[in-house]
Amino acid sequence: MDFFLDLLVGGLTKGSIYALIALGYTMVYGIIAVINFAHGEIYMISAFTALIFGSILSSVGLAGWGLLFAVIAVSALYAAMYGWTVEKIAYKPLRGSSRLAPLISAIGMSLFLQNFVLLAQTPNYLPFPALVPDVPFPAILTRHASDTQIVIILVTAASMALLTLFIKKTRMGTAMRAVSQDLEMARLSGVDTDKIISFTFITGSVLAAVGGVLIGCGMRQIDFYIGFLAGMKAFTAAVLGGIGSVPGAVIGALILGFAESFAAGYISSSYEDVVAFAFLILILIFKPDGVMGAATTHKV
Amino acid sequence: MPKFFAVLAALCISVLSSGALEAQEETLKIGFGGALQGNLATYGRSNLFGIEYAVNLINAKGGLLGKQVELVKEDDSCDPSLATSAANKLKSAGLTLILGHTCSGATRSALSVYANSAIVISSSATENSLTFDGLNPYFFRTTPYDSTQSKLQTDLILRLGSKKVAILHDKSDYGKSLADFTAAYIRELPGKPVEIVLEEGVTTNQVSYDSVISAVKNSEADTLVWGGYYSDGSKIAISLREKGVTARLIGADGLRDNQFILLAGPAAEGVFATGQMDFSASEEARAAIADHRSRHKDEMGTYFFYAIAAAQSLFAAVEKTGNATDLNAIKKHLNEDTVDTIMGPVRYDQNGDIIGAFFKVYRVQNGEYVEYGETAAPALPEAAAAPAP
């Protein structure tokens with residue numbers, strides 16, 4: 001039972017990180033039907049930003065929760081700027097062109113950002129400071145989860161709640177939903193679709209930034225390549241849950257996290273990817289649009 | 001015109017070789033077989049640099065058996081079929097002393113050509129079976145064989161009194177073979193004092209290693225052997241500590257890197273790793289490096305010191321024997337006499353592998369790797385010397 005709970009918490013942590021990144025993929029896809037492959041790099045860049053500002057802010061005397069949230073805020077701001085710029089440079093000029101063009105552009109952007117960090121920062125692994133403060137969590141929690149895991153799960157849950165509130169309750173959120181349902185119709189009804197698209201990129205990037213800081217705290221080291229694998233897994237999670245669906249991305253991410261964790265624990269960590277992707281295939285066979293995906297009719 | 005130059009060149013070569021023929025009486029020829037061309041030429045040249053240095057050194061001191069040493073070089077490009085013809089040339093020239101070859105595969109096919117007609121000392125062929133299969137009694141090598149570190153790790157596990165061992169690797173060639181060798185050594189221990197409770201490959205660059213660490217915790221292992229590099233190794237070290245797992249971590253040279261300590265921080269404390277000794281600190285080694293730099297632009301490469309030591313041990317054994325053709329006597333001296341080389345005092349075991357502590361166990365103490373002291377410990381029985389993973 002102890003082992004089971006350990007794996008459950010491990011899966012939940014993994015799933016939380018995947019979810020934070022997967023949301024960015026799914027939201028952008030929901031609105032402009034483009035797979036933003038540069039999204040994983042935004043997450044990587046926020047981890048680097050967090051590392052840099054983490055050491056600056058802690059040298060001016062910030063510590064504890066204040067430091068963690070200040071670092072998240074700064075990284076989120078940077079990530080928002082990157083997300084906004086990527087959209088303006090790589091996707092906006094291609095709006096209305098063939099579906100393949102923005103995909104190639106996305107891959108190009110991803111390679112560019114990776115190599116940019118490689119050249120501007122370092123090709124080596126960098127140690128990431130322990131930003132999560134020591135919290136006297138109740139013993140019932142710390143028995144199966146480390147402090148960092150608890151913080152990752154809590155911060156993710158809070159981010160999800162805020163995002164849901166934002167989408168459901170604000171004017172901007174309503175406009176985003178309108179654009180995702182029908183971009184042309186929303187524009188005709190007076191929604192500034194360019195602004196909404198930019199804002200979607202910004203929202204996705206902010207969530208990725210939260211993920212980037214949290215994963216830095218969890219792994220305690222980063223390099224320019226961390227965005228690729230995490231981005232791949234998160235993209236898988238988004239497809240699993242039904243790309244375009246916000247709750248779907250979260251559910252897909254959790255399924256993937258649990259599948260990997262239990263496979264590593266009960267079968268063998270050699271096979272965790274095999275099990276996770278076998279799950280993906282199984283679900284896509286029976287529900288081709290993902291767990292929460294809306295069944296779409298395709299014009300032939 | 002090009003034809004003229006070709007004829008001229010041919011003339012020059014024939015003059016040179018006839019000169020060599022005349023000088024035959026005064027020189028002692030030693031063969032070198034290895035990669036001088038092709039994509040593995042760096043390895044071969046690294047060997048050659050070391051051998052040439054040792055030859056120059058002994059020639060400056062008056063040579064071997066009163067004669068100047070002359071090196072006969074044959075390229076095998078690390079290709080087993082080219083190695084056969086290179087070995088044939090050296091054999092038909094009547095050479096009984098060979099330094100080489102560079103790669104394990106090429107060495108194996110060259111050895112079948114020499115067919116025990118020469119003493120062969122390699123300074124870079126590492127494949128276990130070359131010495132372990134007992135087919136080449138006159139073959140020796142100065143590099144540690146592939147499973148040296150695994151043997152050392154198994155020794156350490158016994159020394160620390162571990163009962164349950166978990167083995168993880170990063171699924172790379174390096175990491176997996178290391179882990180497989182260690183597992184094989186542990187399984188072959190007489191009396192089975194150590195149990196392997198977990199043996200798995202780990203996907204690298206993950207966002208979290210918590211699940212596999214939970215599996216380690218659940219297996220109740222007291223020792224975790226990591227076959228892999230420092231980047232994932234440091235994440236595993238941190239995860240172990242965060243999850244409160246007390247199993248000690250043992251790695252190999254992939255972990256014995258100061259980057260590991262930098263990345264793992266306090267979690268690195270107390271971690272064990274086997275690693276290669278640094279030969280370049282001695283006065284002799286510094287002289288060799290300086291000499292190399294004055295002659296060549298290329299880096300001296302990985303095998304420089306191993307190659308010098310191979311040549312030095314061979315020269316010493318031949319000098320003691322008094323001739324270059326009594327292979328059994330030379331072999332006896334290589335096995336029994338300890339010779340001072342650039343790598344320190346060395347001799348060879350019955351298999352032909354070098355004896356000396358060239359890999360050592362290190363442990364992180366106060367943020368740096370320090371050699372882990374020898375304690376009264378049961379040495380690994382000879383029976384477990386040749387596993388077949």
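Student: In which sense do strand β3 (residues 97–100) of chain B and β4(B) pair, and over how many bridges?

Tutor: This is a predicted model, in which local features need pLDDT of at least 70 and side-chain atom pairs count only at pLDDT 80 or more, while totals for chains, interfaces and linings use all residues. Residues are numbered from 1 along each chain as its sequence is written, chains are lettered from A and ligands numbered from 1 in the order in which they are written, and side-chain values use heavy atoms, with hydrogens and water left out. Strands are DSSP runs of E of at least two residues, helices are runs of H or I of at least four, and both are numbered from the N terminus; two strands pair if DSSP finds at least two bridges between them. Here β3(B) and β4(B) pair in the parallel sense over three bridges. B:Ile98 stands opposite B:Val120 in β4(B).

Student: Which way do the residues of strand β4 (residues 119–122) of chain B point, and are they buried or exposed?

Tutor: Buried means under 20% relative accessible area, exposed over 50%, and partly exposed in between, with a 1.4 Å probe and protein chains only. B:Ile119 and B:Ile121 point one way from β4(B), whereas B:Val120 and B:Ser122 point the other way, and all are buried.

Student: What is the strand order in the open sheet of three strands in chain B?

Tutor: The order is β11-β12-β13, with antiparallel pairing. Its edge strands are β11 (339–341) and β13 (354–355) of chain B, each of which pairs on one side only. Helix α12 (residues 304–321) of chain B packs on this sheet and touches β11 and β12 of chain B, its direction making about 150° with that of β11(B). Contact means heavy atoms within 4.5 Å; axes are lines fitted to C-alpha atoms, for helices over the stretch in contact, and angles run from 0 to 180 degrees between N-to-C directions. β11(B) is joined to β12 (residues 344–348) of chain B by three bridges, and B:Val339 has B:Val346 as its bridge partner.

Student: Why does B:Thr274 count as buried?

Tutor: B:Thr274 counts as buried because its relative accessibility is 1%. This residue lies in strand β10 (residues 272–276) of chain B. Leaving out residues up to four places away in sequence, B:Thr274 touches several residues, including B:Gln149, B:Arg256 and B:Val361.

Student: Where is B:Asn136 placed?

Tutor: B:Asn136 is in the loop between α5 (129–132) and β5 (139–141) of chain B. B:Asn136 also counts as buried, because its relative accessibility is 15%.

Student: How many cavities of 30 Å³ or more are there?

Tutor: Rolling a probe the size of a water molecule over the atoms shows where empty space is left. On a 1 Å grid over the protein atoms alone, a cavity is a set of points where a 1.4 Å probe fits but cannot get out, and lining residues have an atom within 4 Å of a point. Grid points are joined across faces, edges and corners, and a volume is the space filled by probe spheres set on the points. The count is three cavities of 30 Å³ or more.

Student: What volume has the second largest cavity?

Tutor: Its volume is about 130 Å³, whereas the largest cavity holds about 170 Å³. The largest cavity is lined by 19 residues, with A:Gly218 and B:Asp210 among those nearest its centre. α9(B) gives the largest share of that lining, four residues.

Definitions and conventions:
1 Å grid on protein atoms, 1.4 Å probe; cavity = no way out; pocket = protein on both sides within 12 Å on 5 of 7 lines; lining within 4 Å.
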